[in-house]
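This report covers the sheet, the helix packing and the confidence of one protein model.

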Amino acid sequence: MSGNVRLLDETLAAAKSEGRAALIAYLPAGFPTVDGGIEAVKAALDGGADVVEVGLPHSDPVLDGPVIQTADDIALRGGVRIADVMRTVREAHAATGKPVLVMTYWNPIDRYGVERFTAELAEAGGAGCILPDLPVQESALWREHAEKHGLATVFVVAPSSKDERLAEITAAGSGFVYAASLMGVTGTRESVGAQAEDLVRRTRATTSLPVCVGIGVSTPAQAAEVARFADGVIVGSAFVKRMLDASDDAAGVEAVRALAGDLAGGVRRRA
């Protein structure tokens, strides 16, 4: 069965044709529970997100700040497994028809098996994978299986990436390029800053892939600011914090839905 990379491409192209950036939400699987996490992902998509990244909880998430680390810890203590991640992808995509990716560090895939992981993700209706710690020069095996199964391979670029390195990364990727707006881990920030705009400009010079900006975006105003120069706006910690702060799981799901609506308004408004 083929994955949904084409759906991802079409979704990002449709947002561009509307003269706006796409809204991409991130939520970890298994948080606060597997069922609760599925409802949260569906709420983000129903609320206005164009795409969702489902996080595979990891004990040492090097890109993620304290908010997402807290959620990952709750999910891991709850016994979340890769099968639960696949179920989250399957049910969220089936319910909404929208593209769902997995964001994961490399070690869990390596232990699970690349062929097994890609085949199961495609069968679940997944659109691809974001791999923040997989070096491009070591990615041939992954890319071979991802392409075979119709999955996007999304790499992360950072403000520190030199132009030559950007070209190497973007040539190997598909779906879109994840541009980290600043050096550091995920989390909310007061300002996204000019670094992100410069990184998008330099990245676009190397590729025709959409360039989507994450890390630090948490408010509709920040989403509007980033939407002015990026093809997509990625928001994660703000969604997770809404769930952590909620009085119960149901309230957390509704808070996610409301934030998605507010941010969807932001990417359409532009700063």
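Nine strands form an open sheet in the order E5-E4-E3-E2-E1-E9-E8-E7-E6, with parallel pairing; strands are DSSP runs of E with at least two residues, helices are runs of H or I with at least four, and both are numbered from the N terminus. Two strands pair if DSSP finds at least two bridges between them. E5 and E6 stand at the edges with a single partner strand each, so one side of each has no neighbour in the sheet.

The model is predicted: local features need pLDDT of at least 70, side-chain atom pairs count only at pLDDT 80 or more, and totals for chains, interfaces and linings use all residues. Residues are numbered from 1 along each chain as its sequence is written, and side-chain values use heavy atoms, with hydrogens and water left out.

| E5 | 152–154 |
| E6 | 156–157 |

Axes are lines fitted to C-alpha atoms, for helices over the stretch in contact, and angles run from 0 to 180 degrees between N-to-C directions.

Helices H4 (residues 82–96) and H6 (residues 114–123) pack at about 30°, their axes 9 Å apart. H4 and H6 are therefore roughly parallel (angles under 35 degrees). In contact (heavy atoms within 4.5 Å), Ile82, Met86, Val89 and Arg90 of H4 meet Phe117, Glu120, Leu121 and Glu123 of H6.

The mean pLDDT (the predictor's confidence in each residue, from 0 to 100) is 92, and 93% of residues reach 70 or more. Over residues 183–190 the pLDDT is below 50.

Key:
Angles under 35 degrees count as roughly parallel, over 145 as roughly antiparallel, 65 to 115 as roughly perpendicular and the rest as oblique.
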